[in-house]
Amino acid sequence: MSGGCGLCRGRRTARNRFQRLIEQRFRRKPRVVSIPLFDPKRAHAPLQKALEEAAVSVLRSGRYILGPEVEAFEQSLSDRLEGRPVVGVSSGTDALVLALRALEIGPGDEVLTTPYTFVATVDAILRVGATPRFVDIDPTTLMPTAEALTAATSAATRAVIIVHLFGAAFDCSELEELRSRGIAVLEDAAQAFGARLGDREVGTMGDVGAFSFFPTKNLGGYGDGGAVVLDSQERADYVRALRAHGRGARSYYSSHIGYNARLDAMQAALLRVKLAHVDAANSTRRDLAGNYHALIQADERLRELVVLTPDPESLPGHVFHQYVLRVKPGFRDVAVAHLKESKIGVGIYYPTGVHQQPLVKGHVDAELQFPETEAACLSTFAIPMFPGLTGKEQEEVIFRLCEAAEQYMRASGQG
Ligand SMILES: Cc1ncc(COP(=O)(O)O)c(C=O)c1O
């Protein structure tokens, strides 16, 4: 019977077509094409004219740091994020530091977080003088569960940093019990601009949120940039003061030890152009993820070797900052080497858990082990993902992965 929904039929057709393509490709010598992990120029191409106009307008304005462009961008972000106050800052890392300062976290305070993240999450905790306490990840979501976070709290725990990893939306509503005990929830939403669960968008699910506008991010700028989303005007005013040397309304008069963490007008103007199109770009990323899922499922060897193939249908609200596969131990390095040889961009996020990196020495118990994080560090890798990536390129990426699977199975006597 050939029933089922249109989407399933579409997936089946794509799968059958790809199966035929793989068979043909294995019979002839493939040509070498180069496919980057991320291509900002292609991702920006449809907006080029508007971006150039915005850039020229800033050049002519004579105002390059903070000012009306930054205020307009902050207002646009705030309008989208439930009217919460937003403060534009110089990077995602600074956004995390200022968010922790807004929560008044400092020496003697413990902050729970994942060791399977970009180092900035933990760096920020150390920079405010607090102590990171790691909670191991769940092998399927690659993020700690709310249950594990809750179990790890101690009398010193003042906050939890949730990392919405690779574009996934962690369900912060599961942390309400912690919040009722006075433990703040800070969302590190650097990788997940626009991700949502139901009617809640990341950045508005906790007490405070931090975004990065690093060029590769879903809302990526043309240099460094970030934003802090606050739950009160009072906290927003404090962060505004901190980003500019702790200064308030009075000129050359600082009340706090602050930073030079200001957002520049050029980034704000360009990001405001991109903000209007970020949902469309995220939706393209979800389509690309769906294609990858179908292509991988079409190959018997990959079904055997790839243990986690993110499927947008079962990941509502995910915005696929990265498309990260988890494969059987041993296959990862073969796959990565073969993709690189075939001129296909790959990324290993992350090769080492933060708990094993020298910066935390003396701050965390060196004896503690995080086996799920360590296993993930050996078995995951990202394949090209960006708006502008074509279906043909995706087929090439997966075809090369099939070749790697064939090599691996032969070498391990399974082929
Ligand atoms: C999870 C996470 N947190 C924080 C950051 C820091 O952002 P930025 O590079 O803008 O400082 C990043 C950036 O890669 C990130 O991925």
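A residue is called buried when its relative accessible area is under 20%, exposed when that area is over 50%, and partly exposed in between, with a 1.4 Å probe and protein chains only. Helices (H or I, at least four residues) and strands (E, at least two) are DSSP runs numbered from the N terminus. The structure is a predicted model, in which local features need pLDDT of at least 70 and side-chain atom pairs count only at pLDDT 80 or more, while totals for chains, interfaces and linings use all residues. Residues are numbered from 1 along each chain as its sequence is written, and side-chain values use heavy atoms, with hydrogens and water left out.

Helix α6, formed by residues 120-127, is mostly covered, six of its eight residues being buried. The buried positions are A120, T121, V122, A124, I125 and L126. Contact is taken to mean heavy atoms within 4.5 Å. The buried residues of α6 pack against α5 (92-102) and against the strands β2 (110-113), β3 (131-134), β4 (157-163) and β5 (184-188). Just after this helix, G129 adopts a positive phi of about 85 degrees.

Two strands are regarded as paired if DSSP finds at least two bridges between them. The order in the sheet is β1-β9-β8-β5-β4-β2-β3, and the pairing is mixed. Strands β1 (86-89) and β3 stand at the edges with a single partner strand each, so one side of each is left without a neighbour in the sheet. From one strand to the next, the twist averages 20 degrees. Axes are lines fitted to C-alpha atoms, for helices over the stretch in contact, and angles run from 0 to 180 degrees between N-to-C directions.

Within this sheet, β5 pairs in the parallel sense with strand β8 (residues 208-212) over three bridges. In this pairing, D188 stands opposite A210 of β8. Helix α4 (residues 68-80) packs on the sheet, where it touches β1 and β9 (226-229), and its direction makes about 135 degrees with that of β1. Helix α6 also packs on the sheet, touching β2, β3, β4 and β5, with its direction at about 145 degrees to that of β3.

Strand β9 is covered on both faces: G226 and V228 on one side, and A227 and V229 on the other, are all buried. Strands β1 and β9 run antiparallel and are joined by four bridges, V86 having V229 in β9 as its bridge partner. Strands β8 and β9 also pair in the antiparallel sense, over four bridges. There, A210 stands opposite V228 of β9.

A ligand is also present in the model. A residue is near a molecule or strand if one of its heavy atoms lies within 4 Å of it. Of the 15 residues around the ligand, G92, T93, D188, S212 and K217 come nearest. A polar contact is a pair of N or O atoms within 3.5 Å; within protein, one must be able to donate a hydrogen and the other to accept it, and residues adjacent in sequence count only if both atoms are side-chain atoms. An oxygen atom of the ligand lies 2.8 Å from a polar backbone atom of G92. In the side chain of Q191, an N or O atom is 2.9 Å from a ligand oxygen atom, and for the side chain of S212 the corresponding distance is 2.7 Å.

A second open sheet contains three strands in the order β10-β11-β12, with antiparallel pairing. Its edge strands are β10 (306-308) and β12 (380-383), each of which pairs on one side only. In this sheet the twist averages 50 degrees from one strand to the next. Strand β10 pairs with β11 (residues 323-327) in the antiparallel sense over two bridges, and L308 stands opposite R326 of β11. Helix α11 (residues 278-297) lies across β10, β11 and β12 and runs at about 25 degrees to β11.

Two loop residues complete the description. S342 is placed in the loop between α13 (331-341) and α14 (371-379), and counts as buried because its relative accessibility is 5%. The side chain of S342 reaches the backbone oxygen of H338 at 2.7 Å. I35 occupies the loop between α1 (6-27) and α2 (40-44), and it counts as buried at 2% relative accessibility. I35 and I344 are 309 residues apart in sequence, yet their C-alpha atoms are 4.8 Å apart in space.
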